[in-house]
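Look at the fold below and trace the chain from its start. Then read on for the strands, the links and the residues behind them.

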Amino acid sequence: MTRWVPTRPSMPGTIWGMKVEGAYTFPGQPQQVWDLLLDPESLRQCIPGVETLTETGPDHWDAVMKVGVAAIKGTYKGKVAIVDKQPPLNYTLQVEGSGGPGFVKGTAKITLEPSGDSTSVKVEGDGQVGGMLAGVGQRMLPGVAKMLMNQFFECLINKSKVLAA
């Protein structure tokens, strides 16, 4: 489910608040899935649009991504951090970035729960999008956010299937 909550009147440059939620099933036990979700190389390969992901410290990276919504495309430079870790149960992912078309900033709580031979991964996130990207792309952003999140987790699920085989 993706839900939008405008935080200012609709106009170019508007800052939009967004909530995203998702649930994914991974083969394997929580510790195996935890290790995959925090593996820098897997993140580099699975984050949609990522050009570089450079570790700056434990669980902190600088990132360069190319992302587009409709005709608004741009390169974003930002930071990714994993905080509040409680292995192998949950952590918070923090992302922020800016580029010519605007900025994005968000957090997502990732929760892992064992489910037989698999692990359920639940995502609850909040984000803000601003600048021209929010003003022009606001009608498309919910679908794009969900699509990017699904691409990321489907890539990781495919990696976990290869590891489980």
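**A pair of strands**

Strand E7 (residues 102-115) and strand E8 (residues 118-131) run antiparallel, joined by 13 bridges. Two strands count as paired if DSSP finds at least two bridges between them. Helices (H or I, at least four residues) and strands (E, at least two) are DSSP runs, numbered from the N terminus. This is a predicted model, where local features need pLDDT of at least 70 and side-chain atom pairs count only at pLDDT 80 or more, while totals for chains, interfaces and linings use all residues. Residues are numbered from 1 along each chain as its sequence is written, and side-chain values use heavy atoms, with hydrogens and water left out.

Thr 111 has Lys 122 in E8 as its bridge partner. The hairpin of E7 and E8 has 2 residues between the strands. In that hairpin, Gly 116 takes a positive phi near 65°. In a regular strand the side chains alternate between the two faces of the sheet.

Buried means under 20% relative accessible area, exposed means over 50%, and partly exposed lies in between (1.4 Å probe, protein chains only). Which residues does Ser 118 contact, leaving aside its neighbours within four places in sequence? They are Thr 25, Phe 26, Pro 27, Gly 28 and Glu 113. Contact means heavy atoms within 4.5 Å.

**Salt bridges**

How many salt bridges does the structure hold? It holds 6. A salt bridge is a side-chain nitrogen of Lys or Arg within 4 Å of a carboxyl oxygen of Asp or Glu. The table lists some of them.

| Asp 126 | Lys 19 | 2.4 Å |

Start with the salt bridge of Asp 126 and Lys 19. Asp 126 lies in strand E8 and Lys 19 in strand E2 (residues 13-27), so the pair ties together parts that are 107 residues apart in sequence. Asp 126 is partly exposed, at 38% relative accessible area. Lys 19 is partly exposed too, at 30%.

Asp 62 counts as partly exposed at 30% relative accessibility. Lys 79 has 48% and counts as partly exposed.

Lys 122 is partly exposed, with 36% relative accessibility. Glu 113 is partly exposed, with 36%.

**The disulfide**

The structure holds 1 disulfide, meaning a pair of cysteine sulfur atoms within 2.5 Å. Which residues does the disulfide join? It joins Cys 46 to Cys 155, with 2.1 Å from S to S. The pair links distant parts of the chain. Cys 46 is in helix H2 (residues 40-46) and Cys 155 in helix H4 (residues 141-164), 109 residues apart.

Why is the disulfide left-handed? The torsion about the S-S bond is about -65°, so the disulfide is left-handed. Cys 46 is buried, at 5% relative accessible area, whereas Cys 155 is partly exposed, at 23%.
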